[in-house]
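I hope they are handy as you look through it.

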Amino acid sequence: MTDKLALPLLLSAPPPPSPPPTKPPPPSFFPSLQTHHLTLTSSSSSLPQQPQSTTPPYLTPLTTNLSPILRNRTRLGRAHYKSIRPPPDYRLSSKGQLVLQSLIDPLFDISRLDSLLLLLNANGNGNGNDDSVSSVAMDVLGIIKCLRDNKKFDLALSVFDWIKTRHSSFVNGSLLAVVIGIMGKIGKVSEAASLLHDLHTNDRVEIDVYGYTALITAYADNGRYREAFKVYTKMEEEGCKPTLITYNVILNVCGKMGMPWNKIMALVDDMKNSGIALDKCTYNTLITCCRRGSLHEEAAKIFEEMKLAGFRPDFVTYNALLDAYGKSRRPKKAMEIFQEMQDNGVNPSSVTYNSLISAYARDGLLDEAMELKTKMVEKKIKPDVYTYTTLLSGFERAGKDESAMRIFKEMKSAGCKPNICTFNALIKMHGNRGNFTEMMKIFDEIKNFNCTPDIVTWNSLLAVFGQNGMDNEVSGVFKEMKRAGFIPERDTFNTLISAYSRCGSFDQAMTVYKRMLNAEVMPDLSNYNAVLAALARGGLWKQSEIIFAEMKDGRCKPNELTYSSLLHAYANGKELERMRALAEEIYSGVIKPHPVLLKTLVLVNSKCNLLTEAEHAFTELKKRVVSPDITTLNAMISIYGKKQMISKTDEILNFMTESGYTPSLTTYNSLMYMYSRSETFEKSEEILREILEKGLKPDKISYNTVIFAYCRNGRMKEASRILSEMRESGLKPDVITYNTFVATYAADSMFEEAIDVVRYMVKNGCRPNQTTYNSIIDGYCKLSRRDEAIVFIENLRKLDPHIRVGEDSRLTERVKTKWS
């Protein structure tokens, strides 16, 4: 069907109906709608008018009862058509049945559409009843429905063009609802909106609740939820009362938009106040709405209300409730629902098992997830692409890359074709390990499997580059994403907020959040958590508490990720007392001691160098029989490494090896740090070589650690060699790199070399900081060369014209107070 084809005048016009009473033009159907010139007809360019004729030879008079034509079955993939008896509710006249039989015939020529549809007006029995105009409209509606059901969408729209052109007065809500539904199925939602707009504005057609509901559904089915909600708002403004179906559709839209629960329940209250009783679909939709916001308590309440209302939970109900518990990280409750489901005679399907597997994998309970897959096979339910991808993602999150790849190989050997979700998980796995070459190979391989990168693919790339501090790559991927036609959505904004904050660009992260609000994306739990995580990275605990208070005031219910971000905010902001107070609430049960929070306590205490507290959290985690993930294990390696507790570090490494964990770049960096401060400092470079051999890409921390190891031991030649390697790898040395050299030269009384490094920093755009100058000043003063320190301060502006205001005064005060 061509997109732009003028509607031809197919029939000689019937007698014009009496003109409607004069009334002012109606308001714009959608004030914000950019009108499209709607064209619906099929690929024929223009159809010549033909005189009314007798029944053409391609109509078979003996098919009045539309008996099905029996055909031999052909294998899937060949052109195959079969005549289908229209169900009784199509309510076709005898002429309508004849016309439909011809339309669904595989040999039908579209150029004969006009002469065929003229038959609907032909006098058949002389009394005019069957051939009345109203009967024509009824036939057209039935024909369009049947064509829709047989997936002949273009032909159905061509028939609608005919009735719109010849009998526009009979374009009513029922017909529009069917046509809008068809246009939604083939992705022509904007054209559908334009159709309603034009009919309402130009043809003065009154759009009823069925037309509105059809357009809301079309927008929703195409993922355009904000536009769907705008249509609902417009509908209310026009005084059109929603039906049960309208409410069910818009409640689903609200859930997809992540609308706050109190606003969703306000809609339910409106529904009840209008005298519309909730049906099973309503209850199922409400439970589904609870999944995104981790609202397991609200889901349970709706579930009980549903049963009290006399509705028997079905397959959809149980799957939605199970998924709500799974996404709320309540796998045990999900399992209880799974058992109840079977006890009540509802058989689980692959969807059920996949939701349950996801619940356990999300919480790191991978042994249990694998057991469920085994039971699934025992029940003769074949694991599908979602089963394998869920397990692959679970192993990736836990840091068990070998297990993840085993799942991938099993998936392919089982003949299960990977989908874009599988590739997204692999991209994330390789990216998180710093293996960017392999990551881009996976990205290039997508098209070989006839897949297309989706919004999650782009979000995954943004997240990977963001968490590695590669802000230029983040911006580049975002531009490519928009060039590919993808519009940023909620998860994209979350990813960008996270990416920029990981790069240290907190202002940019908050700008993204404001841009999201301007795009009329209503903040939900995921958005609040993304903002809190960004603030936490900067140690901005005061701002975090403001966001947290806003959530608790009713906009959004905090979850374990919310409290996790608060802990990180306190840790990074050095607010240890606040961190300890929140930890006590978790241990005491005031805040449920979720595994995520126990893992977070290991992380923040390790970060703050609080060994006893970190070990306590790690012990609590093991008491609850929760498998630690790679991040938790890395935190323990880090704090043991800082304390030079090599035997304890080896215990964790042995546990990782025995349990199938794959060491990450963070693991190796922590080990390099430990050895760089020890007598066996040369092991730091050995580990660097091991990283490169495994195909991982060392980061700045890796190189800076080895440089420190050599500088600390006076091996400046080796340190300079590693610096050269760092540059050759494409990494730009930062202020930490140069400060290591400055501090070493100053400590060895090599002040000219130290000042030369500062000069090089300034020339190459790396701004010296307080630590840079403190090292030189302290070096002079330790040797009782205070006068030279003062001279250095006096000449500092010549060395660094862009020195911060007051820096020279600060250094002078440091000499007086620290070295007097």
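1. A salt bridge joins the side chains of Arg 759 and Asp 756, at 2.8 Å from N to O; the term stands for a side-chain nitrogen of Lys or Arg within 4 Å of a carboxyl oxygen of Asp or Glu. The two residues are three apart in helix H38 (residues 751-763), so about one helical turn separates them. Helices here are DSSP runs (H or I, at least four residues), numbered from the N terminus. Arg 759 is partly exposed at 44% relative accessibility, and Asp 756 is partly exposed with 43%. On those words: buried is under 20% relative accessible area, exposed is over 50%, and partly exposed lies in between (1.4 Å probe, protein chains only).

2. A word on the basis of these notes: this is a predicted model, where local features need pLDDT of at least 70 and side-chain atom pairs count only at pLDDT 80 or more, while totals for chains, interfaces and linings use all residues. Residues are numbered from 1 along each chain as its sequence is written, and side-chain values use heavy atoms, with hydrogens and water left out.

3. How many salt bridges are there by this rule? The count comes to 36. One of them is between the side chains of Glu 297 and Lys 557, at 2.7 Å from N to O. Glu 297 sits in helix H12 (residues 296-308) and Lys 557 in the loop between H26 and H27, so this pair ties together parts 260 residues apart in sequence. Glu 297 is partly exposed at 49% relative accessibility, and Lys 557 is partly exposed at 32%.

4. Please look at Arg 785 and Glu 788 too, whose side chains meet in a salt bridge of 2.7 Å, N to O. Arg 785 counts as partly exposed with 28% relative accessibility, as does Glu 788 with a relative accessible area of 35%.

5. Now the aromatic side chains: the whole structure holds 14 aromatic pairs. Rings of Phe, Tyr and Trp (its six-membered ring) pair if their centres lie within 6.5 Å; planes under 30 degrees apart are stacked, over 60 edge-to-face, and the rest tilted. Phe 338 and Tyr 353 make an edge-to-face pair, 5.3 Å centre to centre with 65 degrees between the planes. Phe 338 belongs to helix H14 (residues 331-343) and Tyr 353 to helix H15 (residues 350-362), 15 residues apart. Both Phe 338 and Tyr 353 are buried.

6. Trp 541 and Tyr 570 form a tilted pair, with 6.4 Å between centres and 50 degrees between planes. Trp 541 is in helix H26 (residues 541-555) and Tyr 570 in helix H27, so the pair ties together parts 29 residues apart in sequence. Trp 541 and Tyr 570 are each buried.

7. Phe 315, in helix H13 (residues 315-327), is partly exposed at 33%.
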